[in-house]
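Trainee: I would like to learn how to read the packing of helices and the surroundings of a ligand. Could you take me through an example slowly?

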Amino acid sequence: MKKIDGKKVAADLRLELKKKVSELKSKYNAVPGLTVILVGEDAPSKIYVKNKEKSAIEVGINSKIIKYPENLEEKVLLDKIGELNNDKEVSGILVQLPLPKHINKRKVIETIAHEKDVDGFHPMNVGNLSSGHDSSIPCTPLGCSLLLKQTEKNLSGKHAVVIGRSNLNGKPMTQLLLKENCTVTITHSKTKDLKTECLRADIIIAAVGIPKLVKGDWVKKDAIVIDVGINKTESGLVGDVDFDEVSKVAKAITPVPGGVGPMTIACLLSNTVECFKKAQSK
Ligand code: NAP
């Protein structure tokens, strides 16, 4: 069994990005800029935003955080996004989710210029991804896809089962697997017999939010298992996959922590660099 080392793959990607940013700086006399907007006091969001800033600075991206109080008026946020859309120094805009309830998330996502949407949530990017066109790709599924390709070069014809159909993970993941010519089954809370579906899979992507949902006897011998789940339990952070059981059957598996998690931020940086490059070539 191979333990897929997301920490190492993410570190390699950051190193590659650092070189790319330095080349772009020489070529254009400018570096990519990432602006992250944080509204309110959500503790995990504060940590994510801090980590994003640290990693962005490490690769040479110009990073800026804009912080607003919980009671921020929606219009102020939308106006700020409009301003950033027109700012040449800003290549990527990310509004940290979740937002306070009085702010319309959809409106916020749709106000970000799709060319600066480093999260890949804008309908234009969602549509382009599902049409097989060039787009910003949501960072976590993009990270999963890179880990998969590191593990198995040719995914063509493999049967992939995606557990979860969120806009953040399951749905974009499905599109990425289709792009690799996998046969994809997407499952969710109403799926009748999840175990049987999983037993058919060469690849399982678990993005559910239920600790250790996927058991050893749900997994075909030599399957590849990517665990997106991050669940806080009394015994610490665990994924959606029972690692101890599944690692005895699978050919390769991502641990939690240290699997998909580190890839998400690295892919955010990669999306920022891509947005910068596209803006320069216009
Ligand atoms: P989400 O929006 O809550 O979606 C969960 C999905 O799982 C839904 O589609 C739901 O089905 C499905 N589901 C729930 N119970 C199920 C069951 N018993 N059997 C099969 N499917 C079931 O969650 P998310 O945002 O995609 O996040 C999923 C997990 O990934 C969470 O643990 C989250 O913390 C983690 N995550 C990790 C990263 C990372 O960087 N590693 C990033 C983002 C999220 P319905 O659609 O029918 O409700």
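**Reading helix packing and a ligand site**

Mentor: Keep in mind that this is a predicted model. We can begin with a contact in which Tyr 48, Asn 51, Lys 52, Ser 55, Ala 56 and Val 59 of helix 2 meet Ile 265, Leu 268 and Leu 269 of helix 10. Sorted by class, the contact of helix 2 with helix 10 has 6 nonpolar, 2 polar and 1 charged residues.

Trainee: At what angle do helix 2 and helix 10 pack, and how far apart are their axes?

Mentor: Two packed helices are described by the angle between their axes and by the distance between those axes. Here helix 2 (residues 43–59) and helix 10 (residues 261–280) pack at about 55 degrees, and their axes are 10 Å apart. Because of that angle, helix 2 is oblique to helix 10, and helix 2 passes helix 10 in a right-handed crossing.

Trainee: What are the angle and the axis distance for helix 1 and helix 10?

Mentor: Helix 1 (residues 6–28) packs against helix 10 at an angle of about 20 degrees, with the axes 9 Å apart. An angle under 35 degrees counts as roughly parallel, so helix 1 is roughly parallel to helix 10. Their crossing is left-handed, and the residues of this contact divide into 14 nonpolar, 3 polar and 5 charged.

Trainee: Which residues come nearest to the ligand?

Mentor: Of the 21 residues around the ligand, Arg 165, Ser 166, Asn 169, Ser 189 and Thr 264 come nearest. An N or O atom in the side chain of Arg 165 is 2.7 Å from an oxygen atom of the ligand, whereas His 188 has a polar backbone atom 3.4 Å from a nitrogen atom of the ligand.

Terms used. Residues are numbered from 1 along each chain as its sequence is written. This is a predicted model: local features need pLDDT of at least 70, side-chain atom pairs count only at pLDDT 80 or more; totals for chains, interfaces and linings use all residues. Side-chain values use heavy atoms; hydrogens and water are left out. Axes are lines fitted to C-alpha atoms, for helices over the stretch in contact, and angles run from 0 to 180 degrees between N-to-C directions. Helices (H or I, at least four residues) and strands (E, at least two) are DSSP runs, numbered from the N terminus. Angles under 35 degrees count as roughly parallel, over 145 as roughly antiparallel, 65 to 115 as roughly perpendicular and the rest as oblique. A crossing is left-handed if the near helix is turned anticlockwise from the far one by less than a right angle, and right-handed if clockwise. Contact means heavy atoms within 4.5 Å. Ala, Val, Leu, Ile, Met, Phe, Trp, Tyr, Cys and Pro count as nonpolar, Asp, Glu, Lys and Arg as charged, and the others, Gly among them, as polar. A residue is near a molecule or strand if one of its heavy atoms lies within 4 Å of it. A polar contact is a pair of N or O atoms within 3.5 Å; within protein, one must be able to donate a hydrogen and the other to accept it, and residues adjacent in sequence count only if both atoms are side-chain atoms.
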